[in-house]
Amino acid sequence: MHAATQNGTPFKFSEAALDEVKGLMKKYPEGRGKSAILRALHIAQEENQGWLSVSAMDQVAEALGITPIEVYEVASFYSMYNLEPVGAYVLEFCHTGPCAAEGAEHIIEYTKLKLGIGKNQTTADGLFTIKEVECLGACGYAPMMQVGQYYHEHLTEAKIDQFIDDCKAGKIEKGSWKMS
Amino acid sequence: MGRKLLLEHAHIEGIATYEVYRKHGGYRSVEKALKTMTPDEVVEEVKKSGLRGRGGAGFPTGMKWSFLAKPEGVPRYLLCNADESEPGTFKDRYLMEKIPHLLIEGMITSSYALGANTSYIYIRGEYSWIVKILEKAIAEAYSAGWLGKNILGKGYDLDLYVNPGAGAYICGEETALIESLEGKRGNPRVKPPFPAVKGLWQSPTVVNNVETITAVVPIVNDGGEEYAKIGIGKSTGTKLISACGNINKPGVYEIDLGLPVEEFIYSDEWCGGIKNGKKLKALVAGGSSVPILPHFLINKTANGEARLMSYESLADGGFATGTMLGSGGFIVYDEDQCIVRNTWNFTRFYHHESCGQCSPCREGTGWMEKVLWRLENGQGKISDIDLLADVAKKIEGNTICPLGDAAAWPVSAAIRHFREEFEWHVKEPKLCMERNYGLVRDMIGEIA
């Protein structure tokens, strides 16, 4: 179990989400519904402000009819699952080779200084979290970051400034962890 | 312009929709295969085409297909590997975003050839918007009768689903992909048994890369022999190359295999040369895992022959003076890039992505990362260079899956070709911290 894992407030799937999870299980043969786990965890994360609490993982286990440990061991393996709370906007910067060769490290440092936080930290107002992630398949359009389901490519200091201003002005919808 | 088999229609407006795709000849391969060919005949065409796996390994696709076990009453599965995450590689993303129906069509034709009635596209979770693009295309294909029961009235049934991952490079390894699709951690399996015998849910399974599956469409439409006429030697057909790094025109290009590397880098039709008028220092030709080449081995092989974009030519000279075509992730480095820093960066990647099953990989990638970090920061010793090479050697070949090799090769190759630069980091700790790689620049000047 991840050391940082927190219990959080009791989690309950919305009815629509639960239906979606049940629907996902039908994509796999009888008795193989566990295969829906990755997507079910994405859905739970969306409904739990962008992170997976123990309570949320337990609800995924219940929905899929598997034991909680089967969910914990999967949730702690994949990097897209946040096992602690995150801000309303999660800035995931690619820091891998091709992005680094095109100035990713500079842009990441610039953003950290601007927001006054380090990686895996959230600003005091709860708006921004910075993550550094591995190659996101945007190497030709570097440097880049992913915020929710959107890729922001060819990043510059000015683009970061604009993006952060837009977030603060409420021009960009909160809950940027939504993947669907 | 080069010939385009896969990207021919990529720029047509609305090509992502069924109507436009169909109007431009889409789904002809399904019609041809189901109406006029037996599954084995489709496999035969793929064999004749000489198509090799486009994900990185380059294994002949037709041969892989022919290994599929066909026990009575046991389902078979075709899995599309869309877990594109090899650093430098973004070609499958482009294909799926632009022409999703090409992948759906390839999946149907290939599933028919393999006798699979349920197939899955396993796509990396970060490509979440592409999940929607693919699912929309699949829904359209169902409505038009290309998926579902009794396709074209030929008694063939197929269901196709998209399964997103959740962030794990290792799931691009086929047995890890299968584990992940079964709802588990992406730990690669010990082989044998191979997936062709016991794969998804212990059933016979084929796992193919996105580009490989889309290539089946022109192969069936035009015949394997026509496809094999393109390219050079055993490198047949076209290949998508995702070009990035310090070049003027990064992007995804479809080339005929056999194109000279020099032309690819410098021609305005392709990469357009090195950015800001700088000099070429190094090339990673096929994704971060393949050995890096120094500038004097890029345009020409050690024998002085023109280096070509083909499996054989890029591998010419073995790992001593060659590399691999790999996934087609083409990363170009200019004279200002630091090889030690880049090697550290890639090693950090492999350390992060190691699943942790095998000690040599789990521990070794971390050790290499630490040693590279201290070298990069002017705190290394000369003996660290041999230590690094030694750790890399002990990871290679000693792990369940190829991630260990993939982590070791870039380190070994960087030391092999750029040992002076590693030594410079030890000898000039202050300059090193100032990010001044002058010595390396001077060396390039001398050779060029």
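Into which domains is chain B divided? I started there, keeping in mind that this is a predicted model. I noted domain 1 at 18-229, domain 2 at 232-334 and domain 3 at 339-447 of chain B.

Next I looked at how domain 2 and domain 3 of chain B sit relative to each other. I found 22 Å between their centres, taken over C-alpha atoms. I then looked up their contact: domain 2 of chain B gives 13 residues to it, and domain 3 of chain B gives 13 residues. I sorted the side of domain 2 of chain B that touches domain 3 of chain B by class, and wrote down 8 nonpolar, 3 polar and 2 charged residues.

Then I turned to chain A. Its domain assignment gives me domain 1 (15-75) and domain 2 (89-168). I have the C-alpha centres of these two domains of chain A at 29 Å apart.

Last came the interface between the chains. I see 33 residues of chain A in contact with 42 residues of chain B. Which helices of chain A each supply at least two residues of the side that touches chain B? I listed α2 (37-47), α4 (68-75) and α5 (97-101) of chain A. The largest share of that side comes from α2(A), with 5 residues. By class, I put the residues of the side of chain A that touches chain B down as 17 nonpolar, 10 polar and 6 charged.

Technical notes: Residues are numbered from 1 along each chain as its sequence is written. Chains are lettered from A and ligands numbered from 1 in the order in which they are written. This is a predicted model: local features need pLDDT of at least 70, side-chain atom pairs count only at pLDDT 80 or more; totals for chains, interfaces and linings use all residues. Two residues are in contact if their C-beta atoms, placed from the backbone, lie within 7 Å. Helices (H or I, at least four residues) and strands (E, at least two) are DSSP runs, numbered from the N terminus. Ala, Val, Leu, Ile, Met, Phe, Trp, Tyr, Cys and Pro count as nonpolar, Asp, Glu, Lys and Arg as charged, and the others, Gly among them, as polar. Domain bounds come from an automatic or database domain assignment.
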